[in-house]
Amino acid sequence: MDTTRTLVDALYAGVFRNYTNLKLIVAHAGGVLPLVAPRLFTLGTLPWVPNPHDITVAEMKEQLSRLYYDVAISANSAALSGLLELTDERHIVFGTDYPPATERGIEENIAALNVFAEHQGQQTLRYESIAGNALDLFPGIQQRI
């Protein structure tokens, strides 16, 4: 919840509008953001909502879709389905939560991610594909591996 609150605060503060080249990776598939985003888009520009920079719904959608989201212990259909309504598979990266997540937990998360990708018919969501998305964000790492 704290992750989502921070992202919404940054959105209304104009952070993503002012820093269009910001590449931010949000942990745990965005927390509850994919679940509350539809409400944000519906209610977020009403007159009673503090919106000092007059962020529009279109801007909200565009700005949140530009962020990157890791799938650390979040590879389940509830989290990923909502996330895919917020962004596309190129903005999903692999995260592990290691060491708090055990190796077994990480392996189970990878397996769940691949099962979800197969059920959705989106091979670009498989572990092998989204692991490459992170390398695209950090080209220097690719050269060192």
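Is Phe94 buried or exposed, judged by its relative accessibility? Phe94 has a relative accessibility of 19% and therefore counts as buried. Buried here means under 20% relative accessible area, exposed means over 50%, and partly exposed lies in between (1.4 Å probe, protein chains only). The model is predicted, so local features need pLDDT of at least 70, side-chain atom pairs count only at pLDDT 80 or more, and totals for chains, interfaces and linings use all residues. Residues are numbered from 1 along each chain as its sequence is written, and side-chain values use heavy atoms, with hydrogens and water left out.

Phe94 takes part in an aromatic pair. The count comes to 1 such pair. Rings of Phe, Tyr and Trp (its six-membered ring) pair if their centres lie within 6.5 Å; planes under 30 degrees apart are stacked, over 60 edge-to-face, and the rest tilted. The ring centres of Phe94 and Tyr127 are 4.8 Å apart and the planes stand at 85 degrees, so the pair is edge-to-face. Distant parts of the chain are linked by this pair, 33 residues apart. Phe94 sits in the loop between strand 3 (92-93) and helix 6 (103-120), and Tyr127 in helix 7 (residues 127-137). Helices (H or I, at least four residues) and strands (E, at least two) are DSSP runs, numbered from the N terminus. Tyr127 is partly exposed, at a relative accessible area of 28%.

Helix packing was examined next. Two packed helices are described by the angle between their axes and the distance between the axes. Axes are lines fitted to C-alpha atoms, for helices over the stretch in contact, and angles run from 0 to 180 degrees between N-to-C directions. Helix 1 (residues 2-12) packs on helix 3 (residues 33-43) at an angle of about 40 degrees, with the axes 10 Å apart. That makes helix 1 oblique to helix 3. Angles under 35 degrees count as roughly parallel, over 145 as roughly antiparallel, 65 to 115 as roughly perpendicular, and the rest as oblique. The crossing of helix 1 and helix 3 is right-handed, meaning that the near helix is turned clockwise from the far one by less than a right angle.

In this contact, Thr4, Leu7, Val8, Leu11 and Tyr12 of helix 1 meet Leu33, Val36 and Leu40 of helix 3. Contact means heavy atoms within 4.5 Å. The residues divide into 7 nonpolar, 1 polar and no charged. Ala, Val, Leu, Ile, Met, Phe, Trp, Tyr, Cys and Pro count as nonpolar, Asp, Glu, Lys and Arg as charged, and the others, Gly among them, as polar. The buried residues of helix 1 are Thr4, Leu7, Val8, Ala10, Leu11 and Tyr12. Their cover includes helix 2 (15-18), strand 1 (25-26), helix 3 and helix 4 (57-66). Gly14 follows helix 1 and has a positive phi, near 85 degrees.

Helix 3 also meets helix 5 (residues 77-86). Their axes come within 8 Å and cross at roughly 40 degrees. Helix 3 and helix 5 are therefore oblique to each other. Leu33, Pro34, Ala37 and Phe41 in helix 3 touch Gly82, Leu83 and Leu86 in helix 5. This contact comprises 6 nonpolar residues, 1 polar and no charged.

Several buried residues lie elsewhere in the chain. Ile130 belongs to helix 7 and is buried at 0% relative accessibility. Beyond its neighbours within four places in sequence, Ile130 contacts Val71, Glu89, Ile92, Val93, Phe94, Leu113, Thr124 and Leu125. The C-alpha atoms of Ile130 and Val71 are separated by 9.3 Å, although the residues are 59 apart along the chain. Asn109, in helix 6, is buried at 8%. With neighbours within four places set aside, the contacts of Asn109 include Val71, Ile73, Phe94 and Gly95. His91 occupies the loop between helix 5 and strand 3 and is buried at 14%.

Backbone features complete the description. A cis peptide bond joins Tyr98 and Pro99, with omega about 10 degrees. Pro99 is in the loop between strand 3 and helix 6. Asp54, a residue other than glycine, has a positive phi near 50 degrees. Asp54 lies in the loop between helix 3 and helix 4 and is exposed, at 58% relative accessible area. Ile73 likewise has a positive phi, near 50 degrees. Ile73 is located in the loop between strand 2 (68-70) and helix 5 and is partly exposed at 42%.
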